[in-house]
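Colleague: I have a structure open and would like to go through its ligands. Can you put it up?

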Amino acid sequence: MSKNNKNFYLYFVIIIGLVFFTVWIGTLRVQNSGYTRGQFVQQLENNEVAMVNICPNRDTPTGSLEITLKSGEERTLYVTDVTEIEALVRDYGLDPRVESVPEESWFLNSVFPILIMVIAFVFLFVMMNAQNSGGNSNGKMMNFGRSRARLTLGGENTIKLDGVAGLKEEKEELQEIVEFLKEPGKFTKVGARIPKGILLEGAPGTGKTLLAKAIAGEANVPFFSISGSDFVEMFVGVGASRVRDMFAEAKRHSPCIIFIDEIDAVARRRGTGMGGGHDEREQTLNQLLVEMDGFGVNEGIIVMAATNRVDILDPAILRPGRFDRKLTVAHPDVRGREEILKVHAENKPLGDDVDLTQIAQTTAGFTGADLENLLNEAAINAAMDERVFVKQDDIKKAFVKVGIGTEKKSRIISDKEKRITAYHEAGHAILFHVLPDVGPVYTVSIIPTGIGAAGYTMPLPEKDEAFTTKGKMLQDIMVSLGGRIAEEIIFDDVTTGALSDIKKATKVARRMVTRYGMSENIGIINYDDDDDEVFIGRDLAHAKSHSEEISGQIDREVKAIIDECYMKAKEIIMEQSSILHKCAELLLEKEKIGRDEFEALFDKKYPQPEEISPTMA
Ligand code: ADP
Ligand code: ZN
């Protein structure tokens, strides 16, 4: 897209340039010489003029004089009436030569402008062509409505699933899709329904495109790829028609995979934003939904889409029969990173001092794309050094370049930060485990997610409960505070990392007080104005429905709840301090631990006592 835009501006500048050029050529012919009639008459008086040529113009009495002075200089004078000037010259006793009426310059007056027009149009067409085909051979002039999807046929796609390193769980989940594409009959016979759409969520560079492509490669089916932003054009209706075209094309090639990168460009939540939506995008999204609803189950088309912002997607696309499967493609953990490094080191001879394990350990938060880039830079360093293999030193240099040269600076995490995060998450995790109504812990991770969080602790998916209890809400608050408490206990200092935890705890506490009547001093009254987030302007317009006095009281109650939760949570974490250390150590080693590994820490047989000293960072 951006490349095409650049081209567009280039063409634009060229055309403007040509227009100015034409105008300039035109002015050349009527440019004033700066020589005046007064000067001419003066020179006639002084008898300085040797010869005069009169060149009348066509159709009008105007013309020009070519004057040769006795000094040999030449002058040009434009005149409004050639007969009058001829008489004047004769009066001074000169015999002017009157030339015949000149032919209009055929080239300058007719051919040249037409030529310019033709060139301009040719440029326009070339430009449109380039924009539409996107380097594809099926690009034709003016095919605005045609899909721009790039098609890779089965045989041409050499990427297989084993070229995707790490991502073990993701690959397992997608295995059935491969099977289905290979042999749809097997599934239709038993009446199994295969998802039509799979949404891949994850930061840029984590391998979403690679994964989709590998599935097509593994199943040996055609692969259509397009970016969501390709649909969003300046003309209303173009996006929708591209979607239609793409699905029609895909049906012709089924079974196949359609991959839509950056789907958030089209599938943003509709109807938000002040003052009307984006018509073109809505139309495009509607068309996409219509198409996805339109093709039958098991028709052999699987739509995969990638985004790093599931939260801004229109909920309509997540409904059954559309993107009914969501897969999170996480940042790789230490082992994943090592595997990715191995994959990309395959065609790069490594010196014997290269330690990929060690590189994997120092690159927490790097995506697959970052790691590939890292090795590539290292190879460039080696080549610059006239070497045919990569040394550890090349990688170290590349590390500085890749990490510090860009915005990724913040992604290189110091050991200290890692330690803090490990203890922080361990604090959350312990409370999840110990408190009865929350948890159990599903994963604990200290791999940065790239969207601000340094790590996360995830409980098992929540059960569908019709209501929650006061006890559970208090425990939720305690869990939220656990991270901060662990930091405090271990490092005797706190970080800004608990921002969203604190927000969450406060929100729950406030709701307890103002909505659910769970605080004695406030009583069972709803003081909460409905906080539908659909209308952003609402809060501004709505006056609070209670007095200042009540407001103050609410604030005090909220504080009391949080303070109490804090005390209790701190007590629990202090009691479990040996687990806290062990959990943090394990996290530092593995970066991501699952439920079994975490719960094993609580086993009595696991070495318990305080032999691990609380190292201050
Ligand atoms: P995304 O679509 O998530 O932005 P890509 O799939 O385009 O990321 O990944 C960009 C590049 O990063 C890939 O071409 C590949 O070279 C490398 N890469 C990313 N993840 C992996 C992985 N798991 N294994 C091997 N290479 C990877
Ligand atoms: Zn936290």
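Modeller: What follows is a short chat about the two ligand sites.

Modeller: This is a predicted model, where local features need pLDDT of at least 70, side-chain atom pairs count only at pLDDT 80 or more, and totals for chains, interfaces and linings use all residues. Residues are numbered from 1 along each chain as its sequence is written, chains are lettered from A and ligands numbered from 1 in the order in which they are written, and side-chain values use heavy atoms, with hydrogens and water left out.

Colleague: Which residues come nearest to ligand 1?

Modeller: Ala-165, Gly-205, Lys-208, Thr-209 and His-344, out of 17 around ligand 1; a residue is near if one of its heavy atoms lies within 4 Å.

Colleague: What lies 2.8 Å from an oxygen atom of ligand 1?

Modeller: A polar side-chain atom of Lys-208. A backbone N or O atom of Gly-207 lies 3.1 Å from a ligand 1 oxygen atom.

Colleague: Now the zinc ion. Which residues coordinate ligand 2?

Modeller: His-424 and His-428, each through NE2, and Asp-501 through OD, at 2.0 to 2.1 Å. Donors are N, O and S atoms within 2.8 Å of the metal (3.2 Å for Na, K and Ca); water is not among the atoms, so sites may look incomplete.

Colleague: How are those donors spaced in sequence?

Modeller: The spacing is H-x3-H-x72-D.

Colleague: Why does His-424 count as buried?

Modeller: Because its relative accessibility is 6%, and buried means under 20% relative accessible area (exposed is over 50%, partly exposed in between; 1.4 Å probe, protein chains only). Asp-501, at 15%, also counts as buried.

Key:
A polar contact is a pair of N or O atoms within 3.5 Å; within protein, one must be able to donate a hydrogen and the other to accept it, and residues adjacent in sequence count only if both atoms are side-chain atoms.
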